[in-house]
Amino acid sequence: MKEKFNITTSTCVPLPLENVDTDQIIPARFLKATTKEGFGDNLFRDWRYDKQDNKIDSFVLNNPIYSGEILVGGKNFGSGSSREHAAWAIAGYGFRIVVSSFFADIFRNNALNNFVLPVVVSDAFLAGLFESIQNDPKMEVEVNLPAQTITNKATGASEYFDINSYKKLCLENGLDDIDFLLSNKDKIEAWENK
Amino acid sequence: MNTLFDKIWDSHVVTTVEDGPTQLYIDRLYCHEVTSPQAFAGLRARGIDVFRPEKVYCMPDHNTPTHDQDKPIEDAISKTQVDTLTKNAKDFGLTHFGMMNPKNGIIHVVGPERGLTLPGMTIVCGDSHTSTHGALGTVAFGIGTSEVEMVLSSQCILQSKPKTMRISVEGKLNEGVTAKDVALYIISKVTTGGATGYFVEYAGEAIYSLSMEGRLTLCNLSIEMGARGGIIAPDDAAIEYLRNREYAPKGEEWDKAVAYWKTLKSDADAVFDKDVLFHAEDIEPMITYGTNPGMGMGISENIPVMESIPEAGRISYAKSLDYMGLEAGQSLLGKKIDYVFLGSCTNGRIEDFRVFASLVKGKKKAADVIAWLVPGSWEVDKQIRREGLDKIFEEAGFALRQPGCSACLAMNDDKVPAGKYAVSTSNRNFEGRQGPGARTLLASPLVAAAAAVTGVITDPRKLL
């Protein structure tokens, strides 16, 4: 069953680019899989590796000073395709949380459905966070799901973040939607017969 | 007081989760081979059946090669994925239009042309361009694979209701301006994330002046500004479009359906969360210069200078132009291009091929240009030949390929090489979309045709 969310404290990996789209998160050629395994290896593939499969040193995932369960992205993270493979890649790589000032809708839903928590923060908090990470790559962020707060432990700045209560319940308890839907069959049939 | 979106959404609510999403009934699930394997595997793991198999239609489109479709697919992984859909459809008792089936094609071309998409429906597919079907007055949107599994297992989905936005385009479109240009213009103004959280309704004189295929093109691109979906209230043109389509109702059922469809419009006093107005006269043929569909401009304009970009966005902007090998402030007219792609769920329909043919007729493809003409379905291919357009293409030095998503996202072998420029009638110009390092310039079939015969970016109005 899925791991439950509570309070996560971690260092962060910064990606200060706007409009990071799903094709960068997971290029189309990796969508041919018929299972959910192995996507972490291909997260940001074409930014991580060159055509000869050599690591591109300048890309943040290849920089050993950055690590952690939290990915911090610029505005409009996850725009583009509905490919849930993007969420599988992020989860598969080891990120449990993505922080941004703005998420594309379909990506946000896919992330939640895969127990990756998208945390929406203000532009100011995001800018402050990128600055803190740049000053000290080992700085930590605390994400408290029950309280719905995110704290920049380097500066002490803290913000409340929004999350749908139903999804919060699912994340806290490791539940998925299908069990819920299957338990509602009689309501579905009632609707069909009205 | 209700918008059309509200009416369709509200009438499909099965129940609402307290403090949570709505459980929405889905009338139609379209299924292609890329986003369904794990969903079917999930059903097998649970030991359950597809709940309402008659509402599900399957077909491969993303992996299909555009040549030699009668032979096994050479790419083993692609072949496996396509075969997996065939097997899943068979095992679960679902209608499946496989490769070489005359009904096969790109799913968002086939749905409407077969009369499988009907006004008032809720429609989903594991594909963000599901928004296409909104042109026929449906609430249609893209979903992830887990959600596909939800719909297969219960014919329902859990979704939070988005806000509503009306985008009106008043006035008359100028010559040489197509639905694709209207869409790219809107997205350039609203920006790539500007409609996130909203379901868009398109309205206004210019919108209703578009043919049904033009409306399909427009609604297709709704996702590119982040909208949940895009809908156009059905009018007489929509009803005529559907008459006698294979899966559309007939006889008494047709009359009943039409009576219902005529009620599908926003109330006169409906209030939208956001109302946006554009003027058709401001729109000229468009072309994109950057790496998201919002980075587009009129073909006669220059690429925006850095000073006009908000400071927070300048790093990304510079990266974008660097990838494209373009400079801020430059014009694109006269720029040499290497590939032209006519096709995709955006512009792969008969009218797109007619428009392309009308411009290239009597001319020749530029020698240095590689052109891929990919009909959106076998039905479109049939019609191309029925109208003699294939002869026009042949005369001009173009060859027709076989239907599929093809170079839109290059999952098959139609890939644009690194560094090469492709004028493409598809929907995304992200980095690497058409192949690693490929440089995509999105445009209408007219602009694509003009580039194909001159070999450079050309204002098509000069050739009309």
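Tutor: Just after helix α4 of chain A, A:Phe115 has a positive phi of about 55°. This is a predicted model, in which local features need pLDDT of at least 70 and side-chain atom pairs count only at pLDDT 80 or more, while totals for chains, interfaces and linings use all residues. Residues are numbered from 1 along each chain as its sequence is written, chains are lettered from A in the order in which they are written, and side-chain values use heavy atoms, without hydrogens and water.

Student: What makes α4(A) mostly covered?

Tutor: Eight of the nine residues in α4(A) (residues 105-113) are buried. Among them are A:Ile106, A:Phe107 and A:Leu112. Helices here are DSSP runs of H or I with at least four residues, strands are E runs of at least two, and both are numbered from the N terminus.

Student: Why is B:Ala238 called buried?

Tutor: Buried means under 20% relative accessible area, exposed over 50%, and partly exposed in between, with a 1.4 Å probe and protein chains only. B:Ala238 has 1% relative accessibility, so B:Ala238 counts as buried. The residue lies in helix α9 (residues 236-242) of chain B. Leaving out residues up to four places away in sequence, B:Ala238 touches B:Leu136 and B:Met212, where contact means heavy atoms within 4.5 Å.

Student: How do you know that B:Cys31 is in no disulfide?

Tutor: A disulfide is a pair of cysteine sulfur atoms within 2.5 Å. A search of the whole structure finds zero disulfides over all chains. For B:Cys31, the nearest cysteine sulfur is that of B:Cys58, 4.5 Å away, and B:Cys31 is in no disulfide. B:Cys58 is in none either, its nearest cysteine sulfur being that of B:Cys31.

Student: Are these two cysteines buried or exposed?

Tutor: B:Cys31 is buried, at a relative accessible area of 2%, and B:Cys58 is buried at 0%.

Student: Why is α13(B) called oblique to α15(B)?

Tutor: Helices α13 (residues 350-360) and α15 (residues 389-396) of chain B pack at about 40°, with axes 10 Å apart. The label follows from that angle: α13(B) is oblique to α15(B), because angles under 35 degrees count as roughly parallel, over 145 as roughly antiparallel, 65 to 115 as roughly perpendicular and the rest as oblique. Axes are lines fitted to C-alpha atoms, for helices over the stretch in contact, and angles run from 0 to 180 degrees between N-to-C directions. Residues meeting across this pair include B:Phe353 and B:Phe356 in α13(B) and B:Ile392 and B:Phe393 in α15(B).
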